[in-house]
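Here's a quick briefing to read alongside the model. Take a look at the structure first, then work through the points below.

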Amino acid sequence: METYQTVGRQSEVEIVIKKSRFIGRAAPVASEEEAVSLLEAIRRKHWDATHNCYAYTIGPHSEIQRSSDDGEPAGTAGRPILEVLHHMNLRDTLVVVTRYFGGVLLGAGGLVRAYGHAASEAVRAAGLLSRRPYVRVRIRIPYPAFGKLDHRLAQRGWPREEPVFAEDVRLTVYVPRGREHECQSVAADATGGQVDLRFEEEVWLDEVDGAARVPSSLSGDFSGSNSPEG
């Protein structure tokens, strides 16, 4: 299954190379707007820095990629930071390396190594999460079928939202992409065919210790009908 990594939290590290301070920061970002907003906040904080160099990638397939040398010689800062993101298969990630010049020139090779090292250390400090594609599935079943289906779904370890108990039982399950047919078969078998099942959009979920987690922002209302016109 296709997968990529992102950083788990914001981080900050500092290294000193020949009297120059390099402050590396890594952060998860969900959009280019978020990346730019965070970058501007760092620039305001370090308004007196010699350089604020950065790179970020956005989207499951790195649909958006940006980098900047911010006044350093071309290719010596932004590109090494971006290469760290590529090498570690990172997406939805921003890395900013702030430099306070210490008076000693590092040369092009020295700058490439310094910015790459600061970026790598920032990513390590942030920790990594795997992210995989899942399909959200809405299921409606009669009450007598709930126990058996709930058990079958739990055996597979697919993440679920809390069930809704109304005139029937309504489940929201996140199924790994490519296993939709298995979900359909499990639901039909467990309920004797008394199931109303609908596949919805694809979402990318973070996995911690091999288990996917559903952010609260994805949880949606499941109070209406599953029919196309409901």
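Let's start with Asn52, which sits in strand β4, the stretch covering residues 51–58. Keep in mind as you go that this is a predicted model. Asn52 counts as buried, since its relative accessibility is 6% and the cut-off for buried is under 20%.

**Asn52 and Thr98**

- The side chain of Asn52 makes a polar contact with the side chain of Thr98, at 2.6 Å.
- A polar atom of the Asn52 side chain also lies 3.5 Å from the backbone oxygen of His46.
- Which residues does Asn52 touch, once neighbours within four places in sequence are set aside? They are Ile42, Arg43, His46, Asp70, Val97 and Thr98.
- Thr98 belongs to strand β6, which runs over residues 93–100.
- Is Thr98 buried or exposed? Thr98 is buried, because its relative accessible area is 0% and anything under 20% goes in that class.
- Beyond four places in sequence, Thr98 has a list of contacts that includes Arg21, Phe22, Ile23 and Arg25.
- Ile42 and His46 turn up among the contacts of Thr98, and both are in the contact list of Asn52 too.
- Ala49 and His51 are also in contact with Thr98.

**Two aspartates with positive phi**

- Asp70, one of the contacts of Asn52, lies in the loop between β5 (64–68) and α2.
- The phi angle of Asp70 is near 45°, which is a positive value in a residue other than glycine.
- With a relative accessible area of 31%, Asp70 is partly exposed, because that class lies between 20% and 50%.
- Asp92 is in the loop between α2 and β6.
- Here phi is near 50°, so Asp92 is another residue other than glycine with a positive value.
- Asp92 is buried, with a relative accessible area of 8%.

**Gly78 in helix α2**

- Where is Gly78 found? Gly78 is in helix α2, made up of residues 78–87.
- Gly78 has a relative accessible area of 1%, so it is buried.
- Leaving out neighbours within four places in sequence, Gly78 is in contact with Tyr54, Ala55, Ser67, Ser68 and Asp69.
- Tyr54 and Ala55, both contacts of Gly78, have numbers that fall in the 51–58 range of strand β4.
- Ser67 and Ser68, also in contact with Gly78, fall in the 64–68 range of β5.
- From Gly78 to Tyr174 there are 96 residues in sequence and 37 Å in space, going from C-alpha to C-alpha.

**Ala126 in helix α3**

- Ala126 lies in helix α3, which covers residues 107–126.
- The relative accessible area of Ala126 is 0%, so this residue is buried.
- Not counting residues up to four places away in sequence, Ala126 touches Val7, Gly8, Arg9, Ser11 and Ala26.

**Val164 in strand β8**

- Val164 is in strand β8, which consists of residues 164–165.
- At 33% relative accessibility, Val164 is classed as partly exposed.
- Val164 and Gly24 are 140 residues apart in sequence, and their C-alpha atoms are 45 Å apart in space.

**The chain as a whole**

- The chain contains 5 helices and 11 strands.
- Its C-alpha trace spans about 75 × 25 × 25 Å along the principal axes.
- The radius of gyration is 23 Å, whereas a compact globule of 230 residues would have one near 17 Å.
- Of the 230 residues, 46% are buried.
- Looking at contacts between residues at least 6 apart in sequence, 72% join residues at least 24 apart.
- The accessible surface comes to about 11,300 Å², and carbon and sulfur atoms account for 49% of that.

Key: Residues are numbered from 1 along each chain as its sequence is written. This is a predicted model: local features need pLDDT of at least 70, side-chain atom pairs count only at pLDDT 80 or more; totals for chains, interfaces and linings use all residues. Side-chain values use heavy atoms; hydrogens and water are left out. Helices (H or I, at least four residues) and strands (E, at least two) are DSSP runs, numbered from the N terminus. Buried means under 20% relative accessible area, exposed over 50%, partly exposed in between (1.4 Å probe, protein chains only). Contact means heavy atoms within 4.5 Å. The radius of gyration is taken over C-alpha atoms; the globule rule is 2.2 Å times the number of residues to the power 0.38. Accessible areas come from the Shrake-Rupley method with a 1.4 Å probe; for residues, only the protein chains shown count as cover. A polar contact is a pair of N or O atoms within 3.5 Å; within protein, one must be able to donate a hydrogen and the other to accept it, and residues adjacent in sequence count only if both atoms are side-chain atoms.
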